[in-house]
Amino acid sequence: MDLELRHLRMVCTIAETGSLTKAAASLGLAQAALATQLGRIERGLGGPLFERDRNGARPTPLGELILARARVLLPAVDDLHAEATRLTDAGQAALSFRIGATNGPIMGGLVHRLTTAYPEATVTTQTNWSEEDLADMVFARKLDYALVGACGDATPTPYGVTWRPVSVDAVWILMAEQHPLAGRAEVALGDLSGARWANAPGDGCFIDCFAEACAKAGFTPRQILESDPIGCLDLVLSGAAVLLCQGISRPPPGTVLVPLAGTPLRWRHLLGWHPESPAAIRAPEVLTLAAAAYQEVVTHRPHYAAWLATHADFGAVTGG
């Protein structure tokens with residue numbers, strides 16, 4: 001018979017109480033059952049552990065050896081269990097939110113809300129131009145959530161990631177204040193048939209959607225100048241190009257945002273997570289916080305807020 005921890009606890013209890021009767025009461029066992037178990041332990045160890053008579057039970061030399069080892073081993077095992085429990089509890093309490101995002105206006109407000117709601121949580125962020133890369137990282141569980149943009153009804157792959165919309169925004173035109181069309185309440189896409197266009201890097205189908213919208217407006221867009229956001233802004237400020245931009249964006253000094261008539265292009269903010277990851281449990285709450293962050297941004301964009309008031313199909317998505 002293999003010696004187990006429970007056997008050592010029985011031996012220690014018998015030694016501490018000085019009798020099988022008292023040990024059985026302490027352990028909640030019948031005396032006969034304890035005596036039978038002790039007999040099995042002694043046979044397994046090769047000799048008696050106690051001398052028993054009318055005065056009780058006294059350890060034999062073999063019993064003293066077992067007791068000496070047990071009194072070291074049992075507290076060590078108890079400490080191990082306690083440490084393991086503390087570590088497990090700490091791991092469950094130490095929340096973390098690993099968020100990846102493409103360029104967009106929601107990230108700052110979402111991080112602020114998460115750190116306010118969970119002051120002990122660790123919140124980390126990662127930026128990537130590629131929605132597909134972020135989706136891959138969520139699918140591989142290297143990120144908890146991805147906050148990305150997508151054209152129209154498109155969603156990033158892989159398809160094993162759950163995506164829910166945070167908001168739907170109109171795509172407007174960012175142009176220099178000196179641009180001939182800057183003073184209009186809105187411009188038709190066809191009015192910009194002769195314009196050069198700036199575009200930040202990324203993936204997805206946005207360029208295809210833009211080309212299709214231009215074709216419906218009766219023209220093919222001129223050369224598209226790709227650059228990072230700062231480079232795109234320089235192109236706009238210089239008058240060399242105009243930029244497709246989310247209507248919720250903040251126009252930098254020297255530029256204006258002008259709505260496109262008929263809203264031929266729209267942009268959705270999406271929150272993604274792995275449906276079988278621990279992050280899925282808190283995903284509805286994170287989605288709600290992201291929508292609240294979006295709404296706060298809208299309050300600081302009065303021109304866009306006024307536009308949203310007359311375009312019910314755009315803005316925050318109720319219920320994700």
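Biologist: Is T102 buried or exposed in this structure?

Modeller: Buried means under 20% relative accessible area, exposed over 50% and partly exposed in between (1.4 Å probe, protein chains only). T102 has a relative accessible area of 12%, so this residue is buried. The model is predicted: local features need pLDDT of at least 70, side-chain atom pairs count only at pLDDT 80 or more, and totals for chains, interfaces and linings use all residues. Residues are numbered from 1 along each chain as its sequence is written, and side-chain values use heavy atoms, with hydrogens and water left out.

Biologist: Where is T102 placed, and which residues is T102 in contact with, leaving aside neighbours within four places in sequence?

Modeller: T102 belongs to the loop between strand 3 (96–101) and helix 5 (DSSP runs numbered from the N terminus: helices H or I, at least four residues; strands E, at least two). With those neighbours set aside, its contacts (heavy atoms within 4.5 Å) are N128, W129, S130, E131, L134, L147, V148 and G149. A polar atom of the T102 side chain lies 3.5 Å from the backbone nitrogen of G149.

Biologist: How many residues has the largest nonpolar core?

Modeller: In soluble globular proteins, nonpolar side chains tend to be buried together. A nonpolar core is a set of buried Ala, Val, Leu, Ile, Met, Phe, Trp, Tyr and Cys residues joined through side-chain atoms within 4.5 Å. Here the largest has 43 residues, and F97, L110, Y145, V166, L271, Y294 and Y304 have the most contacts inside it. Helix 9 gives the most to this core, 11 residues. A second, separate core of 22 residues includes V171, F210, L260 and W267.

Biologist: What does Y294 touch, not counting residues up to four places away in sequence?

Modeller: Among the residues that Y294 touches on that basis are I106, V166, V168, I248, Y304 and L308, together with D169 and H269.

How values were computed:
Polar contact = N/O pair within 3.5 Å; in protein donor to acceptor, adjacent residues only side chain to side chain.
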